[in-house]
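Hi there,

Here is the structure I promised to pass on to you. Have a look at it first, and then read my notes below.

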Amino acid sequence: MQHLKTQVTEKSTEETTAIHDLPIGKDETRLRRFIALQEDALLVLGTRRQPPVPARAANTNTGISIQTGLGFTTLESDDYTEAVQRLRPDIVLGMADYEYAKRPGVKRIEKMGDRTLAWLQHMVATLGDESNELPPVAVFAPVLPIEAGQQSDYLNTLQEDLADFLSG
């Protein structure tokens, strides 16, 4: 995975390392240092801005379509989990498979729950394998913005299988 951003100047293009390579001290986290956030402020990391921007491309089995400063791109679940590991927010919101531009159909709703659950299970397993020397990250499960009855399988799995690994 390449964590580079391009800075364009009038006559040249140069590549610089992004936040992922920021040197930090023993008791620091990259994201908190990068944005100069004081230690007693809660730091939450999520994949969507508020209000959400409808994406042009559909989500895939491995990621969601998001808007960045350079346009739309796909944020892969593995890349998001790796970013969480490196940036160490206090709270991370799991990725949710939801398209804000249109109302989902019955088959789409089932797929949304399956994808969201798979991404969350991957994140929980990856963060659970970490060293106890790292600052903990509280994982919050996304609740899809659809009727509770339509996501009952997803919510039941959260309660039965992941409740011990989730903070919210």
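Of the 168 residues in the chain, 35% are buried, where buried means under 20% relative accessible area, exposed over 50% and partly exposed in between (1.4 Å probe, protein chains only). This is a predicted model, in which local features need pLDDT of at least 70, side-chain atom pairs count only at pLDDT 80 or more, and totals for chains, interfaces and linings use all residues. Residues are numbered from 1 along each chain as its sequence is written, and side-chain values use heavy atoms, with hydrogens and water left out.

The average pLDDT (the predictor's confidence in each residue, from 0 to 100) is 83 for the chain, and 89% of the residues score at least 70. Residues 1-14 fall below 50, though this stretch still has 19 contacts in the model beyond near neighbours in sequence; a contact means heavy atoms within 4.5 Å.

The chain has four helices and seven strands. These are DSSP runs, numbered from the N terminus: helices are H or I with at least four residues, strands E with at least two.

Now for two loop residues. Is threonine 47 buried or exposed? Threonine 47 counts as buried because its relative accessibility is 17%. It sits in the loop between strand 3 and strand 4 (63-68) and touches Ile64, Ile66, Leu75, Tyr80 and Met95, leaving aside residues up to four places away in sequence. Leucine 42, in the loop between helix 1 (30-34) and strand 3 (44-45), counts as exposed because its relative accessibility is 58%.

Happy exploring!
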